[in-house]
Amino acid sequence: MSSANIALLGAIAGFTIYLGLPIGRLRKPTPRLKAGLNAVAIGILVFLVWDVLTHAWEPIDGALGKHEWGTVASGGLTLVAGLAVGLLGLVHYDSWMARRRQAASRPQGPGAVAATELASKSRSQAASLALMIATGIGLHNFAEGLAIGNSAAKGELSLAILLIIGFGLHNATEGFGIVAPLAAQGERSSWLTLLWLGLIGGGPTFLGTVVGQRLVNDTVSIAFLGLAAGSILYVVIELLAVARKTGFKTLTTWCVFAGLVLGFATDAVVTAAGA
């Protein structure tokens with residue numbers, strides 16, 4: 001199979017993320033539906049954190065078994081740095097954005113409407129969360145693309161095809177995770193917004209496939225996986241704060257469980273491929 005065909009299949013695997021995005025077009029979801037959507041997204045993202053860190057740790061764990069201390073040190077430092085940038089970087093970025101929103105929403109006079117400002121802030125926070133989720137998933141998908149490209153470069157075409165199928169199925173659930181915060185806030189996304197979010201989240205699978213066919217490097221993969229894990233973990237923390245405010249504890253718990261099961265179920269093909 002040619003490099004161009006592998007790249008095309010990588011693109012298809014990435015852009016199945018659009019299958020889950022239309023839920024962002026929901027009109028006026030009920031409070032229980034909002035809570036459920038938010039909780040399922042948490043479950044999917046918790047699974048992704050585990051999945052990403054597992055893949056990031058594999059080459060380090062292998063080096064530990066072989067007593068290759070240089071590889072262990074470089075891989076470990078790369079993973080820690082990626083986690084720090086992904087998690088702590090988003091904390092500082094979100095604080096900066098909050099200050100900007102606060103400055104932009106200052107009352108222009110004594111008759112300013114507080115409710116309107118509060119609704120605007122809520123929508124901005126939901127949009128920021130969706131963008132952060134898409135970015136974190138995009139970093140994750142770039143690393144997945146590297147795995148596809150690396151397999152093809154090594155001549156393991158059957159493994160590459162199985163990875164493409166598995167990642168394609170898995171990305172379909174990730175699209176839902178991206179827009180869940182928007183749907184939970186009752187913010188109906190435009191088709192252009194969904195197009196943009198899908199490109200951020202799914203496009204890197206194609207880019208990773210192209211790069212992976214020419215670059216086989218564990219350190220690069222670990223770096224992107226660390227960034228992805230850190231950024232997704234930050235979003236999970238934010239969504240948990242939203243879940244606590246809803247008051248639907250039982251519903252939230254069941255839906256988090258459902259999200260976890262969904263994540264593992266769609267990852268089954270990749271696991272069966274031995275990746």
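1. The face of helix α1 turned away from its buried side carries A4 and L8, both exposed (over 50% relative accessible area, where buried means under 20% and partly exposed lies in between, with a 1.4 Å probe and protein chains only). This is a predicted model, in which local features need pLDDT of at least 70 and side-chain atom pairs count only at pLDDT 80 or more, while totals for chains, interfaces and linings use all residues. Residues are numbered from 1 along each chain as its sequence is written, and side-chain values use heavy atoms, with hydrogens and water left out.

2. On the buried side of α1 one finds I6, A7, G10, A11, A13 and G14. They cover an arc of only 160° around the axis (taken from the directions from the helix axis to the C-beta atoms), so they sit on the same side of α1. Helix α1 itself spans residues 3-15, that is 13 residues, and reaches 18 Å from its first C-alpha to its last, close to the expected 18 Å at 1.5 Å a residue; the expected span is 1.5 Å times one less than the number of residues.

3. The elements accordingly read α-α-α-α-α-α-α-α-α from the N terminus on. Of the 275 residues in the protein, 44% are buried.

4. A nonpolar patch on the surface is formed by F15, L131, W196, L199, F206 and L207, which together have about 540 Å² of accessible area, computed by the Shrake-Rupley method with a 1.4 Å probe and, for residues, with only the protein chains shown as cover.

5. F206 lies in helix α6 and is partly exposed, with a relative accessible area of 32%. F15 belongs to helix α1 and, at 30% relative accessibility, also counts as partly exposed. The C-alpha atoms of F15 and G198 are separated by 7.1 Å, although these residues are 183 residues apart along the chain.

6. The whole structure holds 5 aromatic pairs (ring centres of Phe, Tyr and Trp, its six-membered ring, within 6.5 Å; planes under 30 degrees apart count as stacked, over 60 as edge-to-face and the rest as tilted). One of them joins F47 and W50, whose ring centres are 5.7 Å apart and whose planes stand at 40°, so the pair is tilted. Both residues lie in helix α2, residues 31-65, 3 residues apart, about one turn of the helix. F47 is buried at 1% relative accessibility, whereas W50 is partly exposed at 44%.

7. For W254 and F257 the ring centres are 6.1 Å apart and the planes stand at 85°, so this pair is edge-to-face. W254 and F257 are 3 residues apart in helix α8, residues 249-266, and are therefore separated by about one helical turn. W254 is exposed, with a relative accessible area of 61%, while F257 is partly exposed at 48%.

8. Which residues form one aromatic cluster? The cluster is made up of F47, W50 and F264.

Conventions
Patch = residues over 30% accessible without salt bridge, like charges linked within 9 Å, V, L, I, M, F, W, Y side chains within 5 Å. Salt bridge = Lys/Arg side-chain N within 4 Å of Asp/Glu carboxyl O. Helix = DSSP H or I, 4+ residues; strand = E, 2+ residues; numbered from the N terminus.
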